[in-house]
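Visitor: I would like a close look at a single part of this assembly. Please keep it brisk and give the cut-offs as you go.

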Amino acid sequence: MLISLFIACYNDTLFPETGKAVVSVLERLGHTVEFRAAQTCCGQMHYNTGYRPEAVSLMRHFLEVFQGAEVICIPSSSCVSMIRDHFPGMAAEAGLQNEVAELLPRVYEFTELLVDKLGVTDTGATYPHTVTLHTSCHSLRSLHIGDRPQRLLRSVRGITLVELPASDQCCGFGGTFAIKNAAVSTAMLSEKMQCILDTGADVCTAGDNSCLMHIGGGLAKQDAPVRCVHLAQILASGISDSKILAS
Amino acid sequence: MSVHVGNSETAATFPQAAKELLGNAQLRQNVRRATETIRNKRAKVVAEMPDWEDLRNSAQQIKRNVLRNLDTYLEQFEARCAEAGGQVHWARDADEANRSIIGIIEGHNEKEIIKVKTMTSDETRLNVALEAAGITPYETDLADLIIQLGDDKPSHIVVPALHKNKTEIRQLFLEKMGLTELGTQPEDLTAAARSYLRERFLRVKVGFSGANFAVAETGSVCVVESEGNGRMCVTLPDVLITMLGIEKIVPTFDDLEVFLQLLPRSATGERMNPYNSIWTGVTPNDGPREFHVVLLDNGRTKVLADPAARETLHCIRCAACLNACPVYRQTGGHAYGSIYSGPIGAILTPQLHSMEHSQSLPYASSLCGACYEVCPVKINIPEILIHLRQRLVESGDTTALETLEMKVAAFAMASAGRLGAAQKLMRIGQPFANMMVPAWTNSRDLPAAPKETFREWWAKRT
Amino acid sequence: MSSAKREILRRVREAVGGQLEPPAPPTRNYRQSGALDLENFIEKLHDYNAGVHRCAAADLQTTIEHAMDLRGKHRLLIPPGLPAGDRFIHDNGLTYEEIDRSEGALTACTVAISITGTIILSHSPTEGRRALTLIPDYHLCMVREDQVVETVPEGIRRLRDFRTRPITTISGPSATADIEMIRVKGVHGPRTLDVILVS
């Protein structure tokens, strides 16, 4: 299958290893990955902060770039949520209702792609670490991701999975909220970090680098012995032609 | 027009207020414990209901229908209520409401009233107006009594004194009730409140209440409560004045079956709250011989006028959103500077003010969506928060710096070429970024800029 | 019409102007009836610490007196529509103070809801005015088995003919959780509720 990758602007800029991991997993499963270089951003930051016209432009660009792509893979729940939940509402004012309606069924978050479309729960990975999974708010409440991430992680050789308590509680990132309400964001982060530390895990993973950047940043500041690693990088690990990737 | 929403016009911004409150460990512990308790109770009783989603859907439809035909239902309610002996007054804003109420009380030459909790009276600052007119209002809800005795402010819609623990309350009662001794357990405190208030219930001639629902079909009014002070205030006095927001109308009596299932389970995690009182106009030899209803606008028609945010008015004041909110959990209600706090407060307060006040509230959210999940009337709070942010951007009520940053970012992301160039600039500017964003770096390290972006790596590969 | 009314209605019409959708009832896919589980009703009453007595109609009088004896009550107030008796005083316009000094009140009810353990009074002559079951500290309530329904919608529908009467729903004694979320019973209203379930 030809799979078109939407890397997400912040992954592209700050977490390229996540994108490389996605490519590695999909190619190992025998698929061809294309990266349409004209891609930029789904518009979430602008949309959420109230800059709707700018978000509409970015949506328009997204639709143009991905015209004709049969399967679009996105390693970011928040971007998928933006597309599914908010593109339809913006489509009317841009005269793009048909294009958006036609786009939505082609968009998959990375674990959705693996489990639902490709029927895969074992990517052949090895990752001998104790790992706890943080469920981002978008994956939980918008994508209803269910247990897809767990099913994929459970197949990883050598892994020890520990459940994260209070996993339905927001980590406090929230995009510009992390800056505008930094004090509260930090308070929410502290609780999340405590839950993570209480699990005794070496690694915290998630399908969203936005959360992981916030959580990982907090853990690093405290010199905590926990690393944050995107789910894709765990699922790509231990495969001979790719590196074990950690941030 | 003078819309008031408590004292929200002059409140500190959310970030300022939150920062201060975050330093109050006792408060935060009280808030955490309280919200977790109700949240868990709610989850348990909602799980018992296989038709919960059907109830939510019906409630949403009922409210949508009411708001679209509000004029019809308001007039119907007035007619039925008047036929049954009630007197209906209309109040465009807080001052008009307060004046009407004072007028009725003065007409009876009374100097005191007993009140049962209603947020509308906090909205209009009724107590301040009453006292200025030489009328003493006695709050009779335990929490409001605690707030009144302590010269404090409510911090939660359903459990207003949630920020106080029993030791603090005991101290307050000892001082203000003139008691020489008082036990330390909650039972002792409520027994003290019972005695203190009973004398007033049996004596005071004028009662004041709000209402949870007003039925257009019959002209009936419904008060949902736990303590029994509501029953006291709406039954025992000679004269009863009830104020309610115009959005509280429901079309038919049968519609109560939907809300009387959703509200108790959502608000206090009970299958049914202890007491509901429903009455229509005046009943000879049973209860007040004179009944007045004040229908309050006070900015609600402004909310109604924005189709994208209108469903804010579906709210039945259950406060499930407060209990679910991870932001509220950290700060409690005072941070919002409004009697309506938490997620619903963040959308309702600024809208009542036509977005002229409480402008920081729509940003007091990480958009996690927990509120929408628990809202019994399906208000899409995250969507409305974004919509309100958009309104603020459009009206120029954001900082010049932010607008600049957003426009620059949009410009950079308009094409891959520009994005690539911006990424290179960012790499160079990393150390400066570290310095410029202390809001981030005070508590979090910034990720190191990688030596190549994904697109650079991909380009080399092919 | 007052100018306030005119203005508010004008604002309302302007606010929703052009949204032509006539009043419409909602779809009601929620549960509107259920098989009656009387044992569950009794359990809910027990959860509230209400005393529950069961009897056949023929034994009602003795059961009432038995319930009263258990609580140490000599005489109770009754609404005008219940028959007189040695141990009962009719509420024919008693003052609040007189009601306050009484030992309690005995009444009938209109309907009860099993799933929530709720008893509903519509304050008919056999149920008495609202003050009668509000001021005293003890309420003894007679509920016929055929008055009990399973669900809240059934309970509300049973009130159809009495919709404009005063209505009080009682689900246990009053309570507050305002102090540290610890539920404390008995703030205002009767602190003790006993139910006689009559078959």
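What area is buried between chain A and chain B, and what percentage of it do carbon and sulfur atoms give?

Guide: The area buried between chain A and chain B is about 5,100 Å². Carbon and sulfur atoms give 63% of that area. Buried area here is the accessible area (1.4 Å probe) that two parts lose on being put together, summed over both. Asp12(A), Tyr51(A) and Arg141(A) supply 12% of the area that chain A buries against chain B, more than any other three residues.

First, the ground rules. This is a predicted model, in which local features need pLDDT of at least 70 and side-chain atom pairs count only at pLDDT 80 or more, while totals for chains, interfaces and linings use all residues. Residues are numbered from 1 along each chain as its sequence is written, chains are lettered from A and ligands numbered from 1 in the order in which they are written, and side-chain values use heavy atoms, with hydrogens and water left out.

Next, the contacts. Contact means heavy atoms within 4.5 Å. By that rule, 59 residues of chain A are in contact with 58 residues of chain B.

Now the charges. A salt bridge is a side-chain nitrogen of Lys or Arg within 4 Å of a carboxyl oxygen of Asp or Glu. There are six salt bridges between chain A and chain B. Glu191(A) and Arg329(B) meet through their side chains in a salt bridge, at 2.9 Å from N to O.

Polar contacts come next. A polar contact is a pair of N or O atoms within 3.5 Å; within protein, one must be able to donate a hydrogen and the other to accept it, and residues adjacent in sequence count only if both atoms are side-chain atoms. Between chain A and chain B, 28 residue pairs are in polar contact, both residues at pLDDT 80 or more. Helix α11 (residues 182-199) of chain A gives the largest share of the side of chain A that touches chain B, with nine residues. Helices (H or I, at least four residues) and strands (E, at least two) are DSSP runs, numbered from the N terminus. By class, the side of chain A that touches chain B has 30 nonpolar, 19 polar and ten charged residues. Ala, Val, Leu, Ile, Met, Phe, Trp, Tyr, Cys and Pro count as nonpolar, Asp, Glu, Lys and Arg as charged, and the others, Gly among them, as polar.

Glu34(A) lies in strand β2 (residues 32-34) of chain A. The side chain of Glu34(A) makes a polar contact with that of Arg36(A), at 2.7 Å. Leaving out residues up to four places away in sequence, Glu34(A) touches Leu2(A), Ile3(A), Ser4(A), Leu5(A), Ala69(A) and Trp458(B).

In contact are 26 residues of domain 1 of chain A and 22 residues of domain 2 of chain A. The area buried between these domains is about 1,800 Å², and carbon and sulfur atoms give 63% of it. In domain 1 of chain A, Ser77(A), Thr111(A) and Val115(A) lose the most area to domain 2 of chain A, together 25% of what that side buries. One salt bridge is counted between the two domains. Arg148(A) forms a salt bridge with Asp116(A), with the closest N and O atoms 3.0 Å apart.

How far can chain A be trusted? pLDDT is the predictor's confidence in each residue, from 0 to 100. The mean pLDDT of chain A is 94, and 96% of its residues reach 70 or more. Over residues 241-247 of chain A the pLDDT is below 50; beyond near neighbours in sequence, this stretch has 14 contacts in the model. Where pLDDT is low, the predicted coordinates should not be read in detail.

Finally, the wider setting. Of the two pairs of chains in contact, chains B and C share the most contacts. Chain A and chain C do not touch, and their nearest C-alpha atoms are 18 Å apart.
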